[in-house]
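Here is a friendly tour of the structure shown below. Keep the sequence and the 3D view side by side as you read.

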There are 2 protein chains.
Amino acid sequence: MDAEHVARAALARLAEPGDTAMGAALRVHGPHEVLRVLQADGPLPTEFRRRDPAGYRVRLGGPSAADDLATVARLGGRFVIPGDRHWPTQLDDLGDARPIGLWERGPVPVRHAALRSVAVVGSRAATDYGTYVTHELAHGLAGARWSVVSGGAYGIDGAAHRGSLSGGGPTVAVLACGIDVAYPRGHDRLLARIGETGTLVSELPPGCSPSRVRFVERNRVIAALSRGTVVVEAALRSGSLITARRARDLGRSVMGIPGPITAPHSAGVHQLLREEDTYLVTTPAEVVENVGLIGDDLAPRPQGPTRIWDRLPPETARVLEAVPPNHALDQHAIAKEAGTALATVAACLTDLESHGLVARETAATPQGDHHLWRRTAID
Amino acid sequence: MDAEHVARAALARLAEPGDTAMGAALRVHGPHEVLRVLQADGPLPTEFRRRDPAGYRVRLGGPSAADDLATVARLGGRFVIPGDRHWPTQLDDLGDARPIGLWERGPVPVRHAALRSVAVVGSRAATDYGTYVTHELAHGLAGARWSVVSGGAYGIDGAAHRGSLSGGGPTVAVLACGIDVAYPRGHDRLLARIGETGTLVSELPPGCSPSRVRFVERNRVIAALSRGTVVVEAALRSGSLITARRARDLGRSVMGIPGPITAPHSAGVHQLLREEDTYLVTTPAEVVENVGLIGDDLAPRPQGPTRIWDRLPPETARVLEAVPPNHALDQHAIAKEAGTALATVAACLTDLESHGLVARETAATPQGDHHLWRRTAID
């Protein structure tokens, strides 16, 4: 673990999620300098001028970054920060509200799980109708190889995770507490299952409890991670409407599943659906069609046709070009074609698969599974 | 009854609703000439070239125009034709598919009832949910002084008429049969009530039975008469979706009330709501807000701000200008101010009231009710 991870882990203990003063200071001065200034007793950089430094310094005596990093390592987890290979770069759209870092746990790095993902959110107090349609939607999305991002809460969130799991998909729970905290209590087994097959992720260090502001700020991470947000049941003024509007502000697709107009549980969804740039959806296919339009490019508003590989890192684009559209090749052949090291090719192929740009064909051989890769037609 | 009414009444016996060849011939040659040619045994004008004249001539021996006009007069009804003072000019948007004439019955001329109207349509096989929300919607629209136009059928149509009646509004049933035919049978009392307080209207002469094509063509009249169409429950491929799409083609507002996505009864509405230029609505106020935007001007697409009195006949506009916005006047004072005959002023005021441009205040006096008029703020 390098020094920048340690500094950011320490800062994640001092600042609350969504702290844009901290984000601005990090952008200008970097984590080492910001941490040094907070640990010293002097004045803060101008980016902090509206913040009372005591709010950060009162926490200086808490668990150390080394402790937190050790805890997450013991859980089999990781702490990823901007610039890491596994950093979900779509969070950079949050600007100075970008998380300082993400604590994650589970076999699928959040970057990979979230590249082809849809957020499915809604009320805690869901009806049977809401629970049922959420489960069906998430199940269908998993079947279409889209991961489902949600908040791990009771009601719609829980149905979204369960539906995704039942469809065999990796699901991402973005928590408003530490990734080792079973909250809500009644979801301890569900969260454990997500941690075993998908991803538990949080910007809060291990052991942290949820709070109202943490729930609200958590919603921006859900909105930013995924290509679109579907609201299933939401009363007027529900927090999931905030998630949806944040998603829209970020240029993501915003969708709603309608319900009876006689149900207060659907009133917020209907309000949302009456707004501009919101789409009524009733099936997984309609959701996929919708995020597919905006999806490949997470810019605030598509200005014109952008081919996805204009947005890929040059190395990944080179590997993609080496994968033929008409027949499948193994990674050795692709490495040769691209003139790229085998290890790099393997990593790039995983990335491209997450984007849905290449598809894997698996053949069982006496030497074990043999993978062949073929380009999918997307753009 | 003048000769043009008689000629059109006779032609209404010969042609089916929506016959654009007939419409084109009427436009070019006028009803007398078209009727003369059909009654003679010679070739038809070129507008008819795709039609077999036998299709019209086989009906020549049927009831005479005089019989039909006598029947409708006996019912207390009228036969109105394009150019009549009571002709609903919004039907002219149908072009050559405009009805040859309208047979109407009831105390409120369809022109007046429909000027400030919304069509509420949907499936015959409605659920309790659909029936309930339709009734509430129509009741609320009546309370806001909007008439409800529908097709008199079982299910949503019936709930729309009943809701409007319960809210005290005049409701318009556009029939696919003669206005003296109780169809469907089980709605004989409902249709009678509509005929007593609102309007029964049809382009089919008295005594005609409904048919599949008449139902379909009837929908274009519903769409064209009203400022917008609300679909409540409709399965995929429901006829009410055709009404809605015709309304959109005519530049009217198209709205839908959502329901559970698990209900096949709402699947057509959801499909409609996923199309462009369709609005999800949940309350009467949302419907009014919606038709209010497009409403005052029934042009296919509003090109820019149009003040409603730019569209009024000059005489009516002069009367409107004579009605003060800040206090109320009686019609004698308005006639004097406008320099217009009292009878004309009375007719214009009724028209303006239908538009929602003036409001009536009624004071009881020993000589009977005394009406004062005040301008409403609309544009």
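A residue counts as buried if 20 or more other C-beta atoms lie within 10 Å of its own, as exposed if 12 or fewer do, and as partly exposed in between, with the C-beta atoms placed from the backbone. With 19 other C-beta atoms within 10 Å, Pro210(A) is therefore partly exposed, whereas Tyr56(A), with 24, is buried.

A word on the conventions. This is a predicted model, in which local features need pLDDT of at least 70 and side-chain atom pairs count only at pLDDT 80 or more, while totals for chains, interfaces and linings use all residues. Residues are numbered from 1 along each chain as its sequence is written, and chains are lettered from A and ligands numbered from 1 in the order in which they are written.

**Confidence and domains**

The model has an ipTM of 0.72 and a pTM of 0.75. In pLDDT, the predictor's confidence in each residue from 0 to 100, chain A averages 88, and 94% of its residues score at least 70. Residues 294-307 of chain A fall below 50, and this stretch has 22 contacts in the model beyond near neighbours in sequence. Two residues are in contact if their C-beta atoms, placed from the backbone, lie within 7 Å. Where pLDDT is low, the predicted coordinates should not be read in detail.

By an automatic or database domain assignment, chain A is divided into domain 1 (3-74), domain 2 (90-295) and domain 3 (308-375). Between the C-alpha centres of domain 2 and domain 3 of chain A there are 30 Å.

**Two residues to look up**

Helices (H or I, at least four residues) and strands (E, at least two) are DSSP runs, numbered from the N terminus. Tyr56(A) sits in helix H3 (residues 53-57) of chain A. Leaving aside neighbours within four places in sequence, Tyr56(A) is in contact with Leu14(A), Ala15(A) and Leu38(A). Pro210(A) belongs to the loop between strand E6 (199-202) and helix H9 (212-225) of chain A. Not counting residues up to four places away in sequence, Pro210(A) touches Ala176(A), Cys177(A), Tyr183(A) and Phe215(A).

The table sets out a C-alpha distance for each of these residues.

| Pair | Separation in sequence | C-alpha to C-alpha distance |
|---|---|---|
| Tyr56(A) and Gly106(A) | 50 residues | 30 Å |
| Pro210(A) and Gly268(A) | 58 residues | 24 Å |

**Sheet and hairpin**

Strands of a sheet pair through backbone hydrogen bonds, either parallel or antiparallel. Here, two strands pair if DSSP finds at least two bridges between them. Chain A holds an open sheet of nine strands, in the order E1-E2-E6-E5-E4-E3-E7-E8-E9 and with mixed pairing. At its edges are strand E1 (78-80) and E9 of chain A, each pairing on one side only. Within this chain, strand E3 (residues 117-121) runs parallel to E7(A), joined by three bridges, and Val121(A) has Val231(A) as its bridge partner in E7(A).

In chain B, eight bridges link strand E10 (residues 358-365) to strand E11 (residues 368-375), and the two run antiparallel. E10(B) and E11(B) form a hairpin with two residues between them. Ala359(B) is bridged to Arg374(B) in E11(B).

**Two covered helices**

Helix H11 (residues 264-273) of chain A has seven of its ten residues buried, so it is largely enclosed by the rest of the structure. Among the buried residues are His265(A), Val269(A) and Leu273(A). They pack against elements of chain A including helix H6 (128-143) and strand E8 (253-256), and also against strand E9 (279-280) of chain B.

Helix H10 (residues 239-249) of chain B is mostly covered too, with eight of its eleven residues buried. Its cover includes helix H9 (212-225) and H11 of chain B. Gly251(B), which follows H10(B), has a positive phi near 80°.

**How the chains meet**

How many residues does the contact take from each chain? It takes 13 residues from chain B and 13 residues from chain A. On the side of chain B that touches chain A, helix H6 (128-143) and helix H11 (264-273) of chain B are the elements that give two or more residues. 100% of the interface residues of chain B are also interface residues in chain A, so the copies meet through the same surface.
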